[in-house]
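Subject: Handover of the two-chain model

Dear colleague,

Please find the model we spoke of just below, with my notes after it. I would be glad if you could read the notes with the structure open beside them.

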Amino acid sequence: MHKFLALIFLSLVVGCNNSQNLDNTNYDDPIPPESGGVLTNAMIGEPNNLIAMIAGDSASSAIAGQIFNALLKYDQNLGFEGDLADSWTISDDYKKITFNLKQDIKWADDKPFTCEDVLFTWKKVTDPDTRTPYGSDYQLVSSASCANNHIFIAEYDEPYAPALETWASLHILPEHLLKNENINDTYFSLNPTGTNFYALDEWTTGQQVKLKTNPNSVHGRPLLEKKITRIIPDLSSQFMELIAGNIDLMNINPIQYSRVFPSRSELNDKINLYKEMGNGYTYFGFNLKKKPFDDLNIRKAISYAINKEEIINGVLLGLGEEITSPYKPGTYWENKSINKISFDVSKSRELLEKSGYQLNANNIYEKDGKPLAFEILTNQNKQREMTAVLIQRRLQDIGIDVSIRVIEWASFVNRFIKTGEFEAVVLGWSLSLDPDQYSIWHSSQDGPGQFNFIGYNNPRVDTLLENGRKELKNEKRKQIYDEFSKIIYDEQPIIYLYAGYGLTAIHKKIKGVKKITPPAGVFHNDYEWYIPKKFRRNEMSL
Amino acid sequence: MLNYLVKRILWMIPMLIGISLISFFIMHLAPGDITSNESAFNPKASEESRQKLRELYNLDKPIIVQYGLWLKRIVQLDFGSSFASHQRPVLWETKDENGNIKPGLIQKALPITLLINLLTILLIFSISILLGTIAAIKKNKIPDRIITLFVFIGFAIPGFWLALILMYSLGVVNQVLPISGLHSVGYEQMSKLGQIFDLLKHLALPVFISCLSGLAGISLYVRNGMIEILNQDFIKTARAKGLYEKKVIFVHTLKNALLPLITILGLSIPGLIGGSVIAESIFAIPGMGKLFYDAVLMRDFPVVMGILTIGSILTLIGNLIADLAYAWADPRIRRGLVK
């Protein structure tokens with residue numbers, strides 16, 4: 001609440017104040033690329049550990065991703081391209097992937113990078129003593145080996161379609177520095193050596209992480225000489241640092257994007273805004289093991305009664321999209337032929353009555369003397385809370401009695417999700433790049449602590465998900481997941497609410513940012529970004 | 001006297017065990033553990049691997065066994081390592097065989113919080129004593145009213161709100177003070193004096209904001225204490241024998257009025273290590289408040305227990321110091337102790 005108040009106040013101050021620090025620099029002139037310069041950005045949390053397989057938090061992966069490479073990476077259109085691998089081949093039976101690694105690559109400490117490093121990393125991520133939650137994907141590799149220094153071979157007992165994605169998310173670690181270390185508590189995690197664009201320069205606990213260019217970088221030298229990431233937990237403070245010119249970029253929220261910026265032209269003179277599809281979606285999920293949610297009519301009735309457009313406008317100020325499948329809108333895996341269920345009160349009533357519900361004296365639907373009433377559960381997340389309130393109001397209108405309970409995350413998961421003691425939830429999933437959704441939708445995944453906690457069970461979907469994991473041909477895979485998306489949408493075990501945009505504000509002195517953001521996001525080409533000399537801060541001493 | 005001291009210190013041991021036992025159990029009453037934080041709610045992280053993590057952290061054992069393991073380490077002064085900030089030592093830095101130093105979490109956060117809180121208490125007490133004295137001398141006159149109004153506004157105003165306004169006006173519009181953080185870019189290159197100045201500039205707003213709410217209580221305490229003493233007979237005597245008013249106020253009245261403040265000062269010692277989560281978040285200060293808050297949300301048991309243990313030790317020491325100081329200042333109590 002306090003942030004919200006602060007923002008309102010800030011917009012008031014901002015609105016009636018003719019800022020005195022108006023600088024008249026024109027940032028729009030084209031200037032050719034110049035290397036050097038320091039980029040300063042901000043993050044809300046401190047990285048835990050720069051070995052990403054152990055850390056698991058987003059701050060760590062953001063920093064570690066600039067230091068380490070995987071075998072593969074996503075290109076700007078979200079296809080695969082080589083990262084440490086030059087090329088890769090998949091055997092005809094789909095059970096063997098051969099990676100040809102780049103040659104003459106050196107770690108930042110000048111030691112050569114070889115296949116042994118890849119093998120070592122695989123051994124570590126599958127080692128039962130390694131404290132990583134991400135081991136299971138790599139345990140599917142039945143044998144991993146090095147044919148020579150530059151050929152890494154991963155063999156699977158059965159074809160595993162998401163395999164390439166798993167090799168794009170595993171940071172390769174240097175064997176020579178870690179073989180005698182305990183990976184769980186090694187000092188390396190605070191002072192890593194990698195192969196990517198940057199190397200750690202200095203880490204001031206709780207304050208900032210400073211990166212410098214890695215002269216041995218596998219993809220050559222980036223233009224920006226240093227990157228400083230300051231740790232500023234409060235977004236209002238980050239925003240003030242941004243408009244004061246002390247940080248160069250940050251993720252902003254919908255209020256800043258569509259209220260503050262449009263009302264202050266002097267901010268638009270020095271800061272560019274970028275909008276791209278975000279990485280997750282928010283949904284309304286039913287506990288399918290409980291009555292009345294096992295009834296398709298009831299689920300559909302609720303879906304018709306919810307006004308998704310209103311939620312997007314109210315919660316995200318319009319900065320989001322409706323989705324019909326769990327994939328990023330506009331990308332390959334999205335099933336574009338699904339017809340949206342749109343807000344329609346009369347259809348909703350029709351469906352409720354079809355299931356035998358009648359309005360009672362209090363204007364609430366009831367069946368056999370039992371009113372249609374349930375509780376929506378969500379965790380402490382402003383957007384989800386607001387969403388739940390809007391849903392509650394619409395359902396109240398139609399005659400469904402809904403209450404809302406908001407709970408701290410760990411209690412939410414352990415007391416309600418794990419035990420199955422909930423009726424409906426407002427939650428989010430990520431919009432995955434690989435279409436595999438096995439752990440969320442397969443009927444075998446509904447045990448305590450697993451992710452099909454809503455208890456979805458459809459044999460056809462199970463078959464599709466199993467086949468989808470084994471199919472490596474994109475066209476065939478696309479058919480499988482199109483059918484999967486269609487069944488899920490028809491059965492409405494969850495109601496897709498919205499996928500919000502990621503909003504980024506970048507100072508105009510940063511040049512080289514693509515005007516049209518590619519599917520891979522605005523940061524995709526950040527190695528080409530540069531700050532012309534005349535716009536740099538006075539930072540010679542760095 | 002020495003006997004008394006030894007007795008008090010020995011008494012602390014069972015008290016500490018009791019405190020830690022209660023804290024440990026209450027902490028484990030909260031549902032969830034380190035493996036159920038939000039980033040672990042990721043389809044790529046399987047339940048089996050989370051179960052494996054629980055075993056590696058001994059979280060699958062009964063609570064009483066976990067407490068035993070913790071107690072065993074703590075008597076060797078080993079506060080363990082954080083679960084969340086992977087394996088960073090909770091209390092103090094550790095060195096591995098190559099001479100690499102891993103900084104301790106409390107070691108890094110405590111000095112910052114201590115500095116801010118010491119500055120804050122110093123300011124609160126000196127300003128409050130001044131304001132309280134003026135208010136008492138000018139009792140029920142305009143200065144008294146103004147001071148009371150001012151300290152209550154300070155008490156009532158939401159700190160985070162004022163903080164954001166000040167950050168905006170002093171940091172963004174007129175760039176006289178830094179907005180957030182502890183050091184400027186290029187801090188390492190500054191001279192020693194420059195570094196101190198830079199740090200003070202960064203601390204100005206956070207300290208000011210934390211002072212504001214503390215002024216009301218203490219200045220009114222001083223004011224009322226002064227008024228009570230000013231009405232006593234020995235002050236009349238002092239005035240009657242012709243002492244300067246200054247001497248009456250500052251030597252005879254103030255000295256006596258300050259006596260109860262010793263207790264307050266002693267009681268605020270444990271507060272010295274606690275930081276404000278909101279202020280630390282807004283000003284991006286990596287202090288104890290944020291450390292503790294994040295640890296609780298992450299169910300990072302070693303860090304939570306580490307901070308609680310240090311906190312209870314300091315509370316007990318604070319109480320002891322308050323009692324001793326009181327005895328030192330007031331002969332009546334001193335005589336009671338020795339008996």
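Predicted model: local features only at pLDDT ≥ 70, side-chain atom pairs only at ≥ 80, totals over all residues.

Residues are numbered from 1 along each chain as its sequence is written, while chains are lettered from A and ligands numbered from 1 in the order in which they are written.

Chain B

The secondary structure of chain B consists of 14 helices and two strands, where helices (H or I, at least four residues) and strands (E, at least two) are DSSP runs numbered from the N terminus. Along the principal axes, the C-alpha atoms of chain B fill a box of roughly 85 × 60 × 40 Å. Of its 339 residues, 32% are buried, a residue being buried if 20 or more other C-beta atoms, placed from the backbone, lie within 10 Å of its own. Among the contacts in chain B with a separation of 6 or more, 65% join residues 24 or more positions apart; two residues are in contact if their C-beta atoms, placed from the backbone, lie within 7 Å.

One helix pair in chain B is worth a look: the axes of α1(B) (residues 2-29) and α13(B) (residues 301-329) come within 10 Å and cross at roughly 150°, with axes fitted to C-alpha atoms over the stretch in contact and angles running from 0 to 180 degrees between N-to-C directions. The residues that make this contact include Met12(B) and Phe24(B) of α1(B), and Val304(B) and Leu316(B) of α13(B). They divide into 13 nonpolar, four polar and one charged, where Ala, Val, Leu, Ile, Met, Phe, Trp, Tyr, Cys and Pro count as nonpolar, Asp, Glu, Lys and Arg as charged, and the others, Gly among them, as polar.

The contact between the chains

In the interface, 55 residues of chain B are in contact with 60 residues of chain A. On the chain B side, α2 (47-56), α4 (105-137), α6 (159-173) and α11 (277-282) each supply at least two residues, and α6(B) gives the most, with eight residues. That side of chain B divides into 24 nonpolar, 20 polar and eleven charged residues.

The strands of chain A

Five of the six residues of β1(A) (38-43) are buried, so this strand is largely enclosed by the rest of the structure. β1(A) pairs with β10(A) (226-231) in the parallel sense over six bridges, given that two strands pair if DSSP finds at least two bridges between them, and Thr40(A) stands opposite Ile228(A).

Chain A also holds an open sheet of four strands, in the order β4-β5-β7-β6 with antiparallel pairing. β4(A) (85-90) and β6(A) (141-148) stand at the edges, each with a single partner strand, so one side of each is left without a neighbour in the sheet.

With best regards

Conventions:
Buried ≥ 20, exposed ≤ 12 C-beta atoms within 10 Å, placed from the backbone.
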